[in-house]
Amino acid sequence: MKVLVIGGGGREHALAWQLARSPRVQMVYVAPGNGGTARSKRMRNVPYASNEALAGFARSEGVAFTVVGPEAPLASGVVDVFRAAGLRIFGPTRSAAQLESSKDYAKSFMQRHGIPTAGYRTFTDATAARAYVAERGAPIVIKADGLAAGKGVVVAQTAGEANAAIDAMLLDNRLGSSGARVVIEDFLDGEEASFIVMSDGRHALALATSQDHKRLLDGDQGPNTGGMGAYSPAPVVTPTLHAKVMREIIMPTIQGMAADGIPYSGFLYAGLMIGKDGEPRTLEFNCRLGDPETQPIMMRLKSDLAQLIEAAIDARLDRAEAQWDRRTALGVVVAAHGYPDAPRRGDLITRLPADTDDCVTFHAGTALDDARLTVTGGRVLCVTALGDSVRAAQKLAYHAVEQVEFSGAQFRRDIGYRALRKHD
């Protein structure tokens, strides 16, 4: 069968790569795709002009089902368009995607349904927001209400930093309509983990746990990014904690959305903070797989992803099971010069490691033009390896990273250090 993946990042390359491994899948279309998907014989890049045009393409090509990768198409209602056309698609509707596209919606939803999260207030007035910061003190977290491509969250260590973030969003309009409202929430301390499930509206199937590294530089220093690497599984998520997250966060979310008349079908990502007391609290929801968490998760998946997605579309996830490679997968992001503030585009990628069974280079910000592979975005590649331990996976991934060549390439050298610290 033919399937369609919407998106052009590393997450979508990893999804397409895993779908292409299914013996039932003949071709994976990727819209718009990237340089990596363009190089694969089992994948074909197609243009993404509009949701309606893409639905027309899916119908004319006899696409069996579509999977949505990034948040922007979900927020624009691509699932609604496909469903109205009678096409099978896996992802939340525009209404359900508000769990990610509006921080205020997500926080009020969590509060209403008793899902553990940080205390918060929402503001459109800068003076009132500043007064709240003065009342609560720092550290404190300032979030743009809408989608801001990873730039809408400021963890302010001082009241001055918090006020500067408030002014940038509410007064200076730095994030446009996304920052017209801000959510100010209490700072949570602990260790972060990514908990991702597939939902069919009633049931949830947990994917392998993972943990990413948000800061640009080693030792979690430097500015926040979309993610500089990730590994799976995440040792911080013990079997006991896993059961607790499913019981207290994931299922109440799926049941709460159904109770609100907005059934949630799609990937659901809960960004968690595990406190020193061992209690998980929800930092945020994403209505999609995380990137770069997807790359290690897909490397470890042994089940047929096409079968799992069909089970989710048909609301029979309660009868589905996912098998995982027992090994650790670790992915290192290779980013462009100037990332995250001003990534340089156009650099020629002159060398890449050869893919093997245990190490794959997933593309994100790349394009293929007349056999020339160039940099087109901030996060360029995610080199992902499997190993019998975190250290073994790390060693193999970094050996491959050393074979990547393009001007200005930058990457962290300590991906997985938290897991290694637990083992040492």
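In the counts given here, Ala, Val, Leu, Ile, Met, Phe, Trp, Tyr, Cys and Pro are taken as nonpolar, Asp, Glu, Lys and Arg as charged, and the others, including Gly, as polar. On this basis, the lining of the largest cavity in the predicted model comprises five nonpolar, one polar and five charged residues. This cavity has a volume of about 60 Å³. Among its lining residues are Leu-99, Glu-100, Lys-103, Lys-143 and Phe-285, and two or more lining residues come from each of α6 (98-101), α7 (103-112) and β17 (280-286).

Four nonpolar, one polar and two charged residues make up the lining of the second largest cavity.

The second largest pocket has a volume of about 390 Å³. Of its 18 lining residues, His-13, Trp-17, Ser-40, Asp-355 and Val-360 lie nearest the centre. Strand β19 provides the most lining residues, four, and the lining as a whole contains seven nonpolar, six polar and five charged residues.

The largest nonpolar core has 49 residues, of which Leu-4, Phe-82, Leu-99, Phe-195, Ile-249, Ile-250 and Met-257 touch the most other members. Helix α10 (residues 239-259) supplies the largest share of this core, eight residues. Apart from this core lies another, of 38 residues, including Val-3, Leu-205, Leu-207 and Leu-386.

Conventions: Residues are numbered from 1 along each chain as its sequence is written. This is a predicted model: local features need pLDDT of at least 70, side-chain atom pairs count only at pLDDT 80 or more; totals for chains, interfaces and linings use all residues. Side-chain values use heavy atoms; hydrogens and water are left out. On a 1 Å grid over the protein atoms alone, a cavity is a set of points where a 1.4 Å probe fits but cannot get out, and a pocket is an open set with protein on both sides within 12 Å along at least five of seven lines; lining residues have an atom within 4 Å of a point. Grid points are joined across faces, edges and corners, and a volume is the space filled by probe spheres set on the points. A nonpolar core is a set of buried Ala, Val, Leu, Ile, Met, Phe, Trp, Tyr and Cys residues joined through side-chain atoms within 4.5 Å. Buried means under 20% relative accessible area, exposed over 50%, partly exposed in between (1.4 Å probe, protein chains only).
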